[in-house]
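Have your viewer ready and the sequence panel open. Let's take a short tour, one selection at a time.

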Amino acid sequence: MPLPHPADTIAAIATAPGEGAIAIVRLSGPETYPLADRVFRGPGPRPSARAPGTFAHGAIADPASGEVLDDALLLVFRAPHSYTGEDSVEIQCHGGSQAARRILAALLSAGARQADPGEFTKRAFLNGKIDLTQAEAVLDLIHARSERAARLATAQLEDALGLRIRALYDDLLAISADVEAMLDFPDNELPQSVPTEISARLDAVSSEIRTLLATWSEGHVLRDGARVVIAGAPNVGKSTLLNLLAGRDRAIVSPHPGTTRDTIEETVVLQGYPVQLVDTAGLRDAPCEIEQEGIRRTRRALAEADLCVCVVDASQPLSPDERSFLQSHEPAKLLVLLNKIDLGTQIRPENLPGIDSMAVSLQKSPPIGQISEKIIQKVVQKPSGSDQEPFAISERHRNSLLIALDDVTMSQNRLKSRMESDFLPAATHARAALDQIGYVFGKNCTEDMLDVLFSRFCVGK
């Protein structure tokens, strides 16, 4: 069943609160121009009589009292050539905290409704201006915390992901139709080559889904940031590493063990990816309750980390506690920095088989670029470059694609049996996979699902 299209007219402030040169108030819906005519005062035609793509300079007045609220520009957008696909105007007024609020209040009193979070973008989706992957890209672009994140969001907004998903949907639609057509053949009259040929096409679909899924790790880091915990014994160089990666003296560096007694967090951008660095208290049998609490917090931080960077003193043999620590961590989520090699090398990378490690001197010649690159390789797993995928799927996309992949595999398994009793389940699984792919770009989405998704947007977007 198609989703209902909005019948009312909405208004909201589209710019962030605070001082600035201008503020923008948006108005969209069927009553946009009657409302604009009521509040706009200026020479020339009324807003409703102006050509699309033009602007007018004049005053915005309260329609009830006639009080002039501000001097402004009014931009004219006509359906379907607007962001929402509806008749729309944008009023550009002076910035600050009051002018935009007064104009919005005048529009609401004249008959507009306060827009819900993300409602302008939701209307753009409902009116076919964008698909759901592009709508989500708008949110990703707003929340981008690095240049790489902004580039990928822009590519997705330009439909890089949507094109791939819709092509996948079309392939699955054709396969589903062919599998269902198999059910109409009389017993024993279906050519044996047909299930094999369809299974091969499902192989191609499965491969494409796996390619899309491989981008999730990068998407997760770009959207949510990676949490990287710096751990190790006291006085091995943890705070020095934090300061070097942060590019400033964020943590106190001291030759005395136990200086860091609480977690210290710093957000940085490494190789174009946002990373939350967490410096922690040195792991040891602490002599006082304050340091013991710091060590408990260290262990909590490690449990939540995407990666642990364990710093050890390479000029000394590994302690039993350090060996136990390294053995207790999954190698995929562990990077060991063998620090202080300028003082000697009791431990070398070859002494830690199966564990990613680097020999460094953070004090004398810190290879921060190499360390940053290694951290990103670990947390992103397969970081994309300019010659790879220009998008990265989200958690929502991943969930649907995983379910679709499972259904594609089950459909293939049924077809491989070549038993007619398995053809109906094969068709059912193929259709289920098709539905999941459709959810990714917004086909057959429920209104409740859309409400949840767009509630993450700010008001006015």
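Predicted model: local features only at pLDDT ≥ 70, side-chain atom pairs only at ≥ 80, totals over all residues.

Residues are numbered from 1 along each chain as its sequence is written, and side-chain values use heavy atoms, with hydrogens and water left out.

**Stop 1: strand 8.** Select residues 226-232; seven of the seven are buried, so strand 8 is largely enclosed by the rest of the structure. Strands here are DSSP E runs of at least two residues and helices are H or I runs of at least four, numbered from the N terminus; buried means under 20% relative accessible area (1.4 Å probe, protein chains only). Colour Ala226, Val228, Ile230 and Gly232 for one covered face, then Arg227, Val229 and Ala231 for the other.

**Stop 2: its partners.** Look for Val228 and its bridge partner Leu277. Now show strand 11 (residues 307-313), also parallel to strand 8 over five bridges, where Val309 is the bridge partner of Ile230.

**Stop 3: the largest pocket.** Its volume is about 460 Å³, the space filled by probe spheres set on the grid points, which are joined across faces, edges and corners. A pocket is an open set of points on a 1 Å grid over the protein atoms alone where a 1.4 Å probe fits, with protein on both sides within 12 Å along at least five of seven lines; lining residues have an atom within 4 Å of a point. Select Asp140, Arg223, Asp224, Ser394 and Arg456, the closest to the centre among the 26 lining residues. Finish on helix 8 (216-224), which gives the largest share of the lining, six residues.

Technical notes: Buried < 20%, exposed > 50% of the residue type's maximum accessible area, 1.4 Å probe, protein only. Pairing = 2+ DSSP bridges.
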